[in-house]
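Me: I am new to reading protein models, and I would like to learn with an example. Could you take me through one?

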Amino acid sequence: MKHYSICFECADLKPNNYVYSVGEVEADLVALCTCPFGHKTIMRITHNLCDVLYSSAVYAFVKDCLSESVMSFAAALERTYEMFVKVTLYVEGISYEQIDIFWKELSKQSERQYGAFCTQFLKTFKESWNVNPKMIEFRNKVVHKGYIASTQEVTKYAEYITEAIYKILKYLHSNHSKESGEYYFHETKKTKDRVNELMKNHNNARLGGTSIISLLNWNQMDMPEVTFSEAVKTMTKLKRI
Ligand SMILES: [Zn+2]
């Protein structure tokens, strides 16, 4: 996934002349960006993984890469499940360090993770989490069988995912904003080693943090309801800039 930021070095030299620095976002949400003049900037993406994956899914949809879009939407929902499990366990008094050890046991099997999510969801909402089996079937067909989906089918799937993610994040935002913030800082600590490594290998690189627009409105005070069509509109506008 490409990341664009303003080059700090160029901005210092010519404050009115914005030059973009481009890089690839790595798995730990760090991007080594380079401007056309060779200045390097190490950018930390200040977002939760589920939000970044959701943006990536909407971007793929806008670019007509429909299968890739389905994969990223599915991944965004799975990472939202993870966040919900971890934050609600933390609220119950378990440290994030302990939760990481617990999650390690689950990390290679999505069914186990989903089981943990369903349990935490039931405890929290006093009702079961329901998935639409048709949507799961659709996702599996695309991901495992190479099914080429139509725009209409992917739109339906994306709407379903957006609604599911919003329901979970809205709850966390409204009830456990502080704990979710602590989760975010706990997660970013893990990128420290990668940032230090990049700083060591690129002596003159500048370090920065970048907050891409959250299509899920996660970083907005009242977290207004998000719809897939709104997310597409925002992404289309961003791509014109
Ligand atoms: Zn530059």
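Reply: Gladly! Helices (H or I, at least four residues) and strands (E, at least two) are DSSP runs, numbered from the N terminus. Here, Asn201 lies in helix α9, residues 192–201. Residues are numbered from 1 along each chain as its sequence is written. The model is predicted, so local features need pLDDT of at least 70 and side-chain atom pairs count only at pLDDT 80 or more, while totals for chains, interfaces and linings use all residues.

Me: Does Asn201 count as buried or exposed?

Reply: Count the other C-beta atoms, placed from the backbone, within 10 Å of the residue's own: 20 or more means buried, 12 or fewer exposed, and in between partly exposed. Asn201 has 11 C-beta neighbours inside 10 Å, so Asn201 is exposed. Its C-alpha atom is separated by 38 Å from that of Ile165, 36 residues apart along the chain.

Me: What is a nonpolar core, and which residues of the largest one touch the most other members?

Reply: In soluble globular proteins, nonpolar side chains tend to be buried together. A nonpolar core is a set of buried Ala, Val, Leu, Ile, Met, Phe, Trp, Tyr and Cys residues joined through C-beta atoms within 7 Å. The largest core here has 52 residues, and Tyr54, Phe73, Ala76 and Ile165 touch the most other members. Helix α3 gives the largest share of this core, 11 residues.

Me: Which residues is Ala76 in contact with, leaving aside its neighbours within four places in sequence?

Reply: Two residues are in contact if their C-beta atoms, placed from the backbone, lie within 7 Å. With those neighbours set aside, Ala76 touches Cys50, Leu53, Tyr54, Ala57, Ile161 and Ile165.

Me: How do α3 and α4 cross?

Reply: Axes are lines fitted to C-alpha atoms, for helices over the stretch in contact, and angles run from 0 to 180 degrees between N-to-C directions. Angles under 35 degrees count as roughly parallel, over 145 as roughly antiparallel, 65 to 115 as roughly perpendicular and the rest as oblique. The axes of α3 (residues 66–91) and α4 (residues 96–106) come within 10 Å and cross at roughly 135°. The two helices are therefore oblique to each other. In this contact, Lys86, Leu89 and Tyr90 of α3 meet Tyr96, Ile99 and Trp103 of α4.

Me: At what angle does α3 cross α5?

Reply: The axes of α3 and α5 cross at roughly 50° and come within 9 Å. That makes α3 oblique to α5.
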